[in-house]
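Thanks for coming, everyone. Please keep the structure open while I talk.

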Amino acid sequence: ESSILPLNQVMNEHRLYLPSVGVVLAFVAGLFYFLRYIKPKVSPLQMTCFLLVAVIVPLGIASYDRNGVWKDEQTLWEDVAKKSPYKGRGHMNLGGIYSALGHVEEAALEYKTALRLSPNIPTVRYNVGVFYVKQGNLEEAVREYRTAIKLFPEYIPARINIGTVYVMQGRLEEAYREYEMALKLAPDHPKIHYNLGVVYHKQGRLEEAADAYRAGLKLAPDD
C-alpha cells in the first residue's frame, strides 16, 4: 500500500485500512471453518449474531471514549503529545493551540520541547518564530525564521515574516530586500506583492505601491 514512494510518516492509522482487508477476510474465513469443524450446537446465524455483539460492544465503547479526545483541538493534541512524547510535531501543534488560547507559559514549554526534539524541521522553527512575534520578542523571531530558511532556503513564509518584522520595526529598506528575495523565489505569491506595496506606501512611493497592489490583485482577484 505504501509503494516505493518515501513517506515522512512511517506509521499512520489510515495506511492500515486497505492492508487490513486481507487479514479480516482470512480471520472470518478461518473462524467459520473452525466452527464447521467443531460443529457447535447453536446455528450459524446465532453464532454470527453472538460474534457481532462481541465485536460491536467493545468497539462501540472504545469509539464513545475516543470522542472525548476529539472534543476539540486542545484535547486532541494533548492526547497526541501524551502518547507520542518524543515527536516534535505534536508538541509544536499543541504549543500553537495554547498560544491561541493565551496560555503563554504552556505554549512556551511545548515549543521548547518541539525545538529540542525536532531542531532541524523548518516548520517547527517557523512556528516558534510566530510565537515570539506574538510575545513581542522580534529579534528571537527573526533568528528562528533565519534558521528555518537555512534548513530550507525556499521557505517563503519565513522570508515574508522576516520582512513583516522589519516593517514593524521601521526597517523598511531591509524589509524591501527580504520581499525582493522572496519575490525572486515565488513571483506568483500575491502576499509578497501586497507586502511590497505596504513598504512602498510607507516610503511615500505611491505609484510603485499601487503597481504592487495591482500585481497582487491580478494573482488574487478576490482579496
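Start with helix α1, residues 17-38. At 1.5 Å a residue, its 22 residues should span 32 Å, and the end C-alpha atoms are 32 Å apart, so the two agree. The expected span here is 1.5 Å times one less than the number of residues. Helices are DSSP runs of H or I, at least four residues long, and strands are runs of E, at least two; both are numbered from the N terminus. After α1 comes K39, with a positive phi near 50°.

Two housekeeping sentences. This is a predicted model, where local features need pLDDT of at least 70 and side-chain atom pairs count only at pLDDT 80 or more, while totals for chains, interfaces and linings use all residues. Residues are numbered from 1 along each chain as its sequence is written, and side-chain values use heavy atoms, with hydrogens and water left out.

Next, a helix pair. Look at α3, residues 73-83, and α4, residues 88-101. Their axes come within 9 Å and cross at roughly 150°. That makes α3 roughly antiparallel to α4. On the terms: axes are lines fitted to C-alpha atoms, for helices over the stretch in contact, and angles run from 0 to 180 degrees between N-to-C directions. Under 35 degrees counts as roughly parallel, over 145 as roughly antiparallel, 65 to 115 as roughly perpendicular, and the rest as oblique.

The crossing of α3 and α4 is left-handed. In that case the near helix is turned anticlockwise from the far one by less than a right angle; clockwise would be right-handed. Who makes the contact? From α3, it is E73, Q74, W77, E78, V80 and A81. From α4, it is G90, H91, N93, L94, I97, Y98 and L101. Contact means heavy atoms within 4.5 Å. Those residues split into seven nonpolar, four polar and two charged. For that count, Ala, Val, Leu, Ile, Met, Phe, Trp, Tyr, Cys and Pro are nonpolar, Asp, Glu, Lys and Arg are charged, and the others, Gly among them, are polar.

On to α6, residues 122-134. Its 13 residues should span 18 Å at 1.5 Å a residue; the end C-alpha atoms are 19 Å apart, which agrees. Which residues of α6 are buried? They are P122, V124, R125, Y126, V128, G129 and F131. Buried means under 20% relative accessible area, exposed means over 50%, and partly exposed is in between, with a 1.4 Å probe and protein chains only. And what covers them? The cover includes α4, α5 (104-117), α7 (138-151) and α8 (156-168).

Now the loop between α6 and α7, where Q135 lies. Q135 counts as partly exposed, at 38% relative accessibility. Its C-alpha is 29 Å from that of K83, which is 52 residues away along the chain. G136, which follows α6, has a positive phi near 80°.

Next, α8 and α9. They pack at an angle of about 165°, with axes 8 Å apart. The two are therefore roughly antiparallel to each other. α8 passes α9 in a left-handed crossing. On the α8 side, we have I156, R159, I160, I162, G163, T164, Y166 and V167. They meet L172, E174, A175, E178, Y179, M181, A182 and L185 in α9. This contact divides into eleven nonpolar, two polar and three charged residues.

Last pair: α9, residues 172-185, and α10, residues 190-202. The axes come within 10 Å and cross at roughly 155°. That makes α9 roughly antiparallel to α10. The crossing is left-handed. α9 brings L172, A175, Y176, Y179, E180, A182 and L183. α10 brings I192, H193, N195, L196, V199, Y200 and K202. The tally is ten nonpolar, two polar and two charged.

Let me zoom in on two of those residues. L183 lies in α9. Is L183 buried or exposed? Buried, at 17% relative accessibility. Leaving aside neighbours within four places in sequence, L183 is in contact with I192, H193 and L196. L183 and R159 are 24 residues apart in sequence, and 9.8 Å apart from C-alpha to C-alpha.

H193 lies in α10. H193 is buried too, with a relative accessible area of 14%. Not counting residues up to four places away, H193 touches L183, P187, A212, A215, G216 and L219.

That's my tour.
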